[in-house]
Amino acid sequence: MRGAKVYFFLYEKIFLCKILRNILYKIFLIFARMLINQISKLKKAKNAIILAHYYTLPEVQDIADFVGDSLVLSKQAAVTQADIILFAGVHFMAETAKILSPQKKILIPDLNAGCSLADSCPAEELEKFLKNYPEHKVLSYINCSAKVKTLSDIIVTSGNALKIVNALPKDEKIVFTPDRNLGAYINKETGREMALWNGACHVHDQLTAEEIYKLKATYPKAKVLAHPECKATVLEVADFIGSTAAMLQFTKNDDAIAYIVATETGILYEMQKQNPTKQFYVVNNPITCSCNNCEYMKLNTLEKIYNALQTESPEIILEDELIKKAVYPIQKMFDY
Ligand code: 13P
Ligand code: SF4
């Protein structure tokens with residue numbers, strides 16, 4: 001596998017002329033096919049499944065048993081009969097899988113696949129903050145650590161947050177963590193006044209309405225889709241707001257021919273696959289001036305997936321006590 005490592009490095013890191021790049025790409029495909037074969041043999045031999053988020057690399061989505069948003073993947077993790085779940089996503093997702101299936105071995109291809117949103121809410125800080133709200137229910141977006149989940153009453157995802165908040169009594173006092181943008185969006189849509197933890201996802205929070213207007217000037221007929229982790233100024237110019245899966249569904253049912261997409265780039269792969277005749281333009285990150293990639297999601301490479309299945313590591317290990325407390329608010333979410 002050392003040869004593969006060198007080629008992956010060259011392919012991903014070095015800028016080369018077109019001919020050289022094409023040759024390198026063909027070699028990359030040969031190694032990729034070899035790896036894919038090995039991965040599928042390992043999966044069978046070990047009764048393992050691969051769950052992948054829509055933000056992962058196309059080749060990772062292609063080998064996954066299930067590709068989805070946070071809600072769908074957490075449901076899959078809860079019901080699978082496999083002995084091993086390899087989570088091609090980020091750390092909090094693999095942790096959630098462990099909490100829901102403690103008897104299973106949960107692997108993550110790279111332990112550095114964290115999440116800026118989860119990191120923006122350390123459990124110790126949240127604990128202090130919650131002392132100001134003793135009568136409030138604590139709703140936490142699933143993008144948080146297992147410890148933060150233990151401080152929460154109900155977990156929500158971007159796919160079910162509005163439904164769950166609307167189902168709570170009108171006079172229920174609520175603290176929402178950790179995403180201030182998703183929290184503000186829920187407040188606006190439901191007329192609630194939830195107290196918000198001041199956290200954000202760096203990938204979504206950096207997007208601007210100006211970047212959308214620039215694309216709109218070139219593609220005036222394109223509809224704007226936005227993830228609710230974006231700032232209110234971005235959501236204001238959107239034709240549709242929803243989770244990754246909801247945006248995907250929208251593009252399938254809608255009759256527009258083009259879309260400007262304000263979220264992470266990875267979703268475009270599935271969107272284009274499901275809508276081959278439509279055009280998709282991802283909103284550029286104005287700070288990096290390039291595609292809006294979540295660098296954590298892109299740490300999931302075929303090579304790391306192969307290594308993780310082969311060595312059965314890195315594995316997510318959580319204390320039993322933590323699992324017992326954290327599972328409660330997640331199960332609450334499934335009750336709605
Ligand atoms: P969803 O999968 O709920 O759309 O959330 C997006 C995200 O940022 C995942 O980390
Ligand atoms: Fe976390 Fe944002 Fe990456 Fe999603 S896109 S995993 S919220 S950093």
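Which helices each supply at least two residues of the shell around ligand 2? In this predicted model, where local features need pLDDT of at least 70, side-chain atom pairs count only at pLDDT 80 or more, and totals for chains, interfaces and linings use all residues, they are α6 (116-119) and α11 (202-205). Residues are numbered from 1 along each chain as its sequence is written, while chains are lettered from A and ligands numbered from 1 in the order in which they are written. Helices (H or I, at least four residues) and strands (E, at least two) are DSSP runs, numbered from the N terminus.

The shell around ligand 2 holds 13 residues, of which Cys 115, Leu 117, Cys 201, Val 203 and Cys 294 come nearest. A residue is near a molecule or strand if its C-beta atom, placed from the backbone, lies within 6 Å of it. By class, this shell has 9 nonpolar, 3 polar and 1 charged residues; Ala, Val, Leu, Ile, Met, Phe, Trp, Tyr, Cys and Pro count as nonpolar, Asp, Glu, Lys and Arg as charged, and the others, Gly among them, as polar. Ligand 2 lies between domain 1 (2-114 + 297-311) and domain 2 (117-201), because both give residues to its shell. The domain bounds come from an automatic or database domain assignment.

Strand β7 (residues 174-177) pairs with strand β5 (residues 137-141) in the parallel sense over 4 bridges, and Leu 139 stands opposite Phe 176 in β7. Two strands pair if DSSP finds at least two bridges between them. Strand β8 (residues 195-196) runs parallel to β7 and is joined to it by 2 bridges, with Val 175 opposite Ala 195. From β7, Ile 174 and Phe 176 point one way and Val 175 and Thr 177 the other way, and all are buried. A residue is buried if 20 or more other C-beta atoms, placed from the backbone, lie within 10 Å of its own, exposed if 12 or fewer, and partly exposed in between. Together with helix α10 (residues 180-190), β7 and β8 make a right-handed β-α-β unit; with the strands pointing away from the viewer, the path from the first strand over the helix to the second runs clockwise.

The loop between β7 and α10 contains Pro 178, and the peptide bond to Pro 178 from Thr 177 is cis, with omega near -15 degrees. A cis bond also leads from Ser 313 to Pro 314, with omega near -5 degrees; Pro 314 lies in the loop between α16 (302-311) and α17 (320-335). Glu 312 is placed in the loop between α16 and α17 and has a positive phi, near 55 degrees. With 14 other C-beta atoms within 10 Å, Glu 312 is partly exposed. Asn 47, in the loop between α2 (18-46) and β1 (48-53), has phi near 50 degrees and counts as exposed, with 11 C-beta neighbours inside 10 Å.

The secondary structure of the protein comes to 17 helices and 12 strands, and 44% of its 336 residues count as buried. The C-alpha trace spans about 65 × 55 × 35 Å along its principal axes.
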